[in-house]
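I am opening a notebook on this structure and will write down what I looked up, entry by entry. The sequence and the coordinates come before my notes.

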Amino acid sequence: MSAANRYSTPAVVLHWLMALLIFAAFPLGLYMADLPLSPDKLKLYSYHKWIGVTVFLLVAVRLGWRLTHTPPPLPDGTPVWQRRVSATVHGLLYLLMIAIPLSGWLMSSAKGFQTVWFGVLPLPDLLEKDRELGDLLAGVHKALNFTLLALVILHVAAAFKHHFIERQPFLQRMGWGRKERT
Amino acid sequence: MNLTAWVLLAALAAPAAYAVEYRTVLPKQSSIHFEFRQMGVPVKGGFKRFTTEMTFDPARPEAARAQIEIDLASIDAGSTEADEESAGKLWFNRSAYPKATFVSSQVRALGNNRYEMRGTLTLKGRSREMTVPVTYIPGKNAAIFDGSFILKRLDFGIGEGLWADVATVANEVRVTFRIAATGI
C-alpha cells in the first residue's frame with residue numbers, strides 16, 4: 001500500500017484516540033444518567049465531562065490537521081454517489097464531534113454546574129443557570145449522541161464493506177502499517 | 001410645648017439621629033446562600049424561606065441579638081435531584097428536623113462597622129457554637145447586615161454514610177447571608 005493510500009500518522013492517532021474516548025464517554029453517559037444520586041454518580045459525571053472536554057480540544061486539533069492535509073483518495077472506480085455519501089458522513093461526524101461536547105458544556109452551564117476539566121481547569125459558564133433550559137439541552141445532547149451512534153455504525157459498516165466484501169485494502173487507510181509497504 | 005408635641009418631635013428626629021434600633025427585617029431584601037465544592041466544582045444554593053428576629057442599635061452593639069429560623073424545605077441545593085436528596089436521612093433528615101436555627105449569644109464590635117457575633121447553630125438536632133463576622137451597612141431606608149462564614153457539614157452530620165466522603169462533596173460549606181432591617 002503506497003503512502004498516498006494511508007492517512008498521515010497524526011490523523012491516524014487522532015482518529016483512534018478520539019474513537020476510544022467517544023466509545024468510553026457514550027456508554028458512560030447512558031449509564032450514569034439513570035443512576036440514583038450518589039458520590040459515584042457525581043464522579044462518573046465528572047469523568048464523562050472530562051472526556052468530553054478532551055474530545056472537544058482534540059477535534060479542534062484534528063480539524064486543523066484535516067484542513068491542511070489532504071486525505072488519501074478513495075479507490076478508483078468508487079461511484080460518485082458513494083463519494084458524496086462519504087463526504088457528507090465525514091462532514092457530519094466532524095460536526096457532531098464539535099456539537100456534542102459543546103451541547104454538554106452548555107447543558108452543564110444551564111444546569112448550574114460549571115465544567116472543571118480534571119477538577120483543575122474551570123471552563124467559563126456559557127449560559128446563566130436555567131433548569132428548564134438545562135433539561136432541554138439534555139434532550140439535545142442525547143439526540144445528537146444517537147445521531148452520532150447511527151453515523152458511526154454507517155461509517156464502520158462502509159469501511160467493512162469496502163474491506164471485506166469488495167476486498168479492497170481499505171482498513172489500512174486508517175491503520176498503523178508501514179508507509180512503504182505495497 | 002406639651003407632651004404630645006415632644007413625643008412627635010422625638011419620633012421625627014429619631015431616624016435622623018443614629019439612635020435608631022433596627023428590628024424590622026425585610027424578608028424580600030434578605031437572603032441566605034451557600035456554596036460548596038463537588039468534585040472540585042463550585043455549586044451554589046440557598047434557602048428561600050427563613051425568619052429573622054433581631055435588634056441592633058449601633059450605639060449599643062453589645063445589646064444586639066439575632067435569631068434566625070430556616071425552613072429547610074425551601075432549599076435550593078443546586079438541582080432538583082439534589083433538593084430531593086437533601087431531605088433524606090443521610091442529609092438533613094428533614095421529616096425529623098425541619099428547621100435550622102441560629103440564636104446569638106454575644107456581639108462584639110470590631111470597629112469600622114464590623115462586628116463579631118457568637119451564637120449557637122442547631123442543625124439536624126446538633127448544636128455548635130459559631131462565631132460569625134457581620135458587617136453593618138447603614139442605609140437611608142434600611143440597614144444591611146452582611147456576613148459569611150465556613151460551616152463544616154460533617155460537624156452536623158449533614159451528608160452521612162456514603163456521602164461522608166469529602167473528596168466528592170467537600171466538608172466546607174461557605175454560608176453567605178444578607179439581612180435587611182429598618183428601625184420602623
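**Chain A as a whole**

I began with contacts along chain A (two residues are in contact if their C-beta atoms, placed from the backbone, lie within 7 Å), and noted that residues 24 or more positions apart account for 70% of the contacts in chain A with a separation of 6 or more. Before going further I noted that this is a predicted model, in which local features need pLDDT of at least 70 and side-chain atom pairs count only at pLDDT 80 or more, while totals for chains, interfaces and linings use all residues. Residues are numbered from 1 along each chain as its sequence is written, and chains are lettered from A and ligands numbered from 1 in the order in which they are written.

I looked up the scores next: the model has ipTM 0.80 and pTM 0.85. For chain B the average pLDDT (the predictor's confidence in each residue, from 0 to 100) is 91, and 90% of the residues score at least 70.

Chain A contains four helices and two strands, where helices (H or I, at least four residues) and strands (E, at least two) are DSSP runs numbered from the N terminus. I read their order from the N terminus as α-α-α-β-β-α. Taken along the principal axes, the C-alpha atoms of chain A fill a box of roughly 55 × 30 × 25 Å. Of its 182 residues, 21% count as buried; a residue is buried if 20 or more other C-beta atoms lie within 10 Å of its own, exposed if 12 or fewer, and partly exposed in between, with C-beta atoms placed from the backbone.

H3(A) has 31 residues and reaches 44 Å from its first C-alpha to its last, close to the 45 Å expected. Its buried residues include Leu96(A), Met97(A), Ile100(A) and Trp105(A), and what covers the buried residues of H3(A) includes helix H1 (9–33), H2 and helix H4 (131–165) of chain A. Just after H3(A), I found Gly112(A) with a positive phi of about 90°.

For H2(A), the 30 residues should span 44 Å at 1.5 Å a residue, and the end C-alpha atoms are 44 Å apart, which agrees. Among the buried residues of H2(A) I listed Tyr45(A), Lys49(A), Trp50(A), Ile51(A) and Arg62(A). The buried residues of H2(A) pack against H1, H3 and strand S1 (116–117) of chain A, together with strand S2 (31–38) of chain B.

**Where the chains meet**

How many residues does each chain bring to the contact? I noted 13 residues from chain A and 18 residues from chain B. On the side of chain A that touches chain B, the largest share, four residues, comes from helix H2 (residues 39–68) of chain A. That side divides into five nonpolar, five polar and three charged residues; Ala, Val, Leu, Ile, Met, Phe, Trp, Tyr, Cys and Pro count as nonpolar, Asp, Glu, Lys and Arg as charged, and the others, Gly among them, as polar.

**Cores**

A nonpolar core is a set of buried Ala, Val, Leu, Ile, Met, Phe, Trp, Tyr and Cys residues joined through C-beta atoms within 7 Å. The largest one has 47 residues, and those with the most contacts inside it are Ile70(B), Met117(B), Ile179(B) and Ala181(B). Strand S11 (residues 169–182) of chain B gives the largest share of this core, seven residues. Apart from it lies another core, of ten residues, among them Ile22(A), Ala25(A), Ile51(A) and Met97(A).

**Strand S8 of chain B**

I then looked up its partners, where two strands pair if DSSP finds at least two bridges between them. Nine bridges join S8(B) to strand S7 (residues 99–111) of chain B, and the two run antiparallel, with Val103(B) opposite Thr120(B). Ten bridges join S8(B) to strand S9 (residues 126–137) of chain B, again antiparallel, and Arg118(B) has Thr131(B) as its bridge partner in S9(B).

Methods
Expected span 1.5 Å × (residues − 1).
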